[in-house]
Amino acid sequence: DVTFCTGPAGTGKTYLSIAEALRLLKDETLNFKKIVLIKSVTTLKDEEIGFLKGNMKEKMEPFMYSFMHNFEKVIGKQNVELLKANNMIEEMPIAYMRGINIDNSITIIDEAQNLTPKQMKTLITRAGPGTKVVCLGNIAQIDTPYLTEGSSGLTYVVDRFKGWDHNGHITLVRGERSRLADYAAETL
């Protein structure tokens, strides 16, 4: 029902999750209707560009770029647009999750290390019938100033789900981005 995938930058957490979500969505023996994408809207504080104009979808676009970039790597831009047009990919802002049920979906929560335990509880408890939740993150990349490795929502839920038969935890260790990215993740 829930899978946690952790590991250093560049190990392929988002890419692999998207590839698997697309496979599950395509499998007609399963009842998945869409892929729901959720990501913390945390920015690198020293690099903020200020107010973002536009509607909610337009404001979310910069935060969802990493998802779309990976979708395009897996299936190409044209196929991504087709899935979006058919409402098979849905982007959801965390701020408006209360009261929502997410049914028959593969829900991917990325950058979960930047969420609090209460935010993680809110997100995971949105899962309705037929929904699989995948939480991705790297505790070494916490960008939220009031969170630590010990207080991160990702650490909290991984610990709380230990021993529950319907969860899994995968830790990726080998970088796939580049040897430069691997070296930087290791030494900086």
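1. Helices here are DSSP runs of H or I with at least four residues, and strands are E runs of at least two, both numbered from the N terminus. This is a predicted model, in which local features need pLDDT of at least 70, side-chain atom pairs count only at pLDDT 80 or more, and totals for chains, interfaces and linings use all residues. Residues are numbered from 1 along each chain as its sequence is written, and side-chain values use heavy atoms, with hydrogens and water left out.

2. A friendly place to start is the end of α5: the helix is followed by Gly163, which has a positive phi, near 90 degrees. At the start of α5, a side-chain oxygen of Ser152 comes to within 3.1 Å of the backbone nitrogen of Leu154.

3. Within α5 (residues 153-161), Gly153, Leu154, Val157, Val158 and Phe161 are buried, meaning under 20% relative accessible area with a 1.4 Å probe, protein chains only. These buried residues line one face of the helix, because they fall within an arc of 130 degrees seen down its axis, taken from the directions from the axis to the C-beta atoms. Their cover includes β1 (2-6), α4 (117-124), β5 (132-137) and β6 (167-171).

4. Now to β5: five of its six residues are buried, so the strand is largely enclosed by the rest of the structure. β5 runs parallel to β1, joined by five bridges, and parallel to β4, joined by four; pairing requires at least two DSSP bridges. From β4 the chain crosses through α4 to β5, and this β-α-β crossover is right-handed, that is, clockwise from the first strand over the helix to the second with the strands pointing away from the viewer.

Technical notes:
Buried < 20%, exposed > 50% of the residue type's maximum accessible area, 1.4 Å probe, protein only. Contact = heavy atoms within 4.5 Å. Polar contact = N/O pair within 3.5 Å; in protein donor to acceptor, adjacent residues only side chain to side chain.
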